[in-house]
Amino acid sequence: MGITVEVKKVYPYPFQHVVSSYLNKYPTPLEKHVSAIKTVEERADPATEIVYRRRIATCNNVVPSFLRRCSILKVENVYLEEESWLDLKARVMTLKSHCLTWTQYASLKEESVYKESAENPNWTEFIQKGTVSITGAGLLNCVLETFAQTFLKQGAKKSIAIMETILQDRYGCPFS
């Protein structure tokens, strides 16, 4: 089976502000479940002005305790890998991330884009699509996918709220 969650948001801030805030968003007291972000690779192509980054996020395991009775879910941390391509000329940042934990049982992937808004060049559009598919957990597949769908929806809302808070703290209210 599998589930998909899509999110769209327009931030009333310029592209460079939004991208800078995103790249420096974690760890933050606003999100207690992300404990670390480590850049493991970064390179820039001077000809194309594209900056590539590969980062690993360390997150607390948020699977409910009743589901952690299953031994495969008894881990303290969950690790996510994120790759990003920041195209400074086109003013677009594309991201792809996936879960490194439980890969034999689950596939969790997100694809996101930050780009200058066509409506207003001082605004930034954000589009994200996340998919989760659970296999190999027998009767728990459906339960885990339902939990994952709820978690992805809540996580996307919280991530947007964190971005809005960071942007307001750094750059002020966009309409004042």
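User: Is Lys-38 buried or exposed?

Analyst: Relative accessible area decides this: buried means under 20%, exposed over 50%, and partly exposed in between, with a 1.4 Å probe and protein chains only. Lys-38 has 56% relative accessibility, so Lys-38 counts as exposed. Its place is in strand 2; helices (H or I, at least four residues) and strands (E, at least two) are DSSP runs, numbered from the N terminus.

User: On what basis are such values given?

Analyst: The model is predicted: local features need pLDDT of at least 70 and side-chain atom pairs count only at pLDDT 80 or more, while totals for chains, interfaces and linings use all residues. Residues are numbered from 1 along each chain as its sequence is written, and side-chain values use heavy atoms, with hydrogens and water left out.

User: Which residues is Lys-38 in contact with, leaving aside its neighbours within four places in sequence?

Analyst: Contact means heavy atoms within 4.5 Å. With those neighbours set aside, Lys-38 touches Arg-54, Arg-55 and Ile-56.

User: How many bridges pair strand 2 with strand 3?

Analyst: Two strands pair if DSSP finds at least two bridges between them. Strand 2 (residues 34-45) and strand 3 (residues 50-60) have 10 bridges and pair in the antiparallel sense. Ala-44, for example, has Val-51 in strand 3 as its bridge partner. The two strands form a hairpin with four residues between them.

User: What is the phi of Glu-49, and where is this residue found?

Analyst: Glu-49 has a phi near 60 degrees, a positive value in a residue other than glycine. The residue is found in the loop between strand 2 and strand 3. Its relative accessible area is 35%, so Glu-49 is partly exposed.

At 16% relative accessibility, Trp-102 counts as buried.

User: Which residues does a cis peptide bond join?

Analyst: The omega angle is the value to read here. A cis peptide bond joins Tyr-26 and Pro-27, with omega at about -10 degrees. Pro-27 lies in the loop between helix 1 (15-23) and strand 2.

User: Which strands pair with strand 7?

Analyst: Strand 1 (residues 3-11) is joined to strand 7 (residues 124-134) by nine bridges, and the two run antiparallel. Within this pairing, Ile-3 stands opposite Val-132. Strand 6 also pairs with strand 7 in the antiparallel sense, over 11 bridges. There, Glu-111 stands opposite Lys-129.

User: In what order do the elements run, and how compact is the protein?

Analyst: The protein has two helices and seven strands. From the N terminus on, their order is β-α-β-β-β-β-β-β-α. The radius of gyration is 17 Å, close to the 16 Å that the globule rule gives for 176 residues, so the protein is as compact as a globular protein of that length. That radius is taken over C-alpha atoms, and the rule is 2.2 Å times the number of residues to the power 0.38. Along its principal axes, the C-alpha trace spans about 50 × 40 × 30 Å.

User: What share of the residues is buried?

Analyst: Buried residues make up 35% of the 176 residues. As for contacts with a separation of 6 or more, 56% are between residues 24 or more positions apart.
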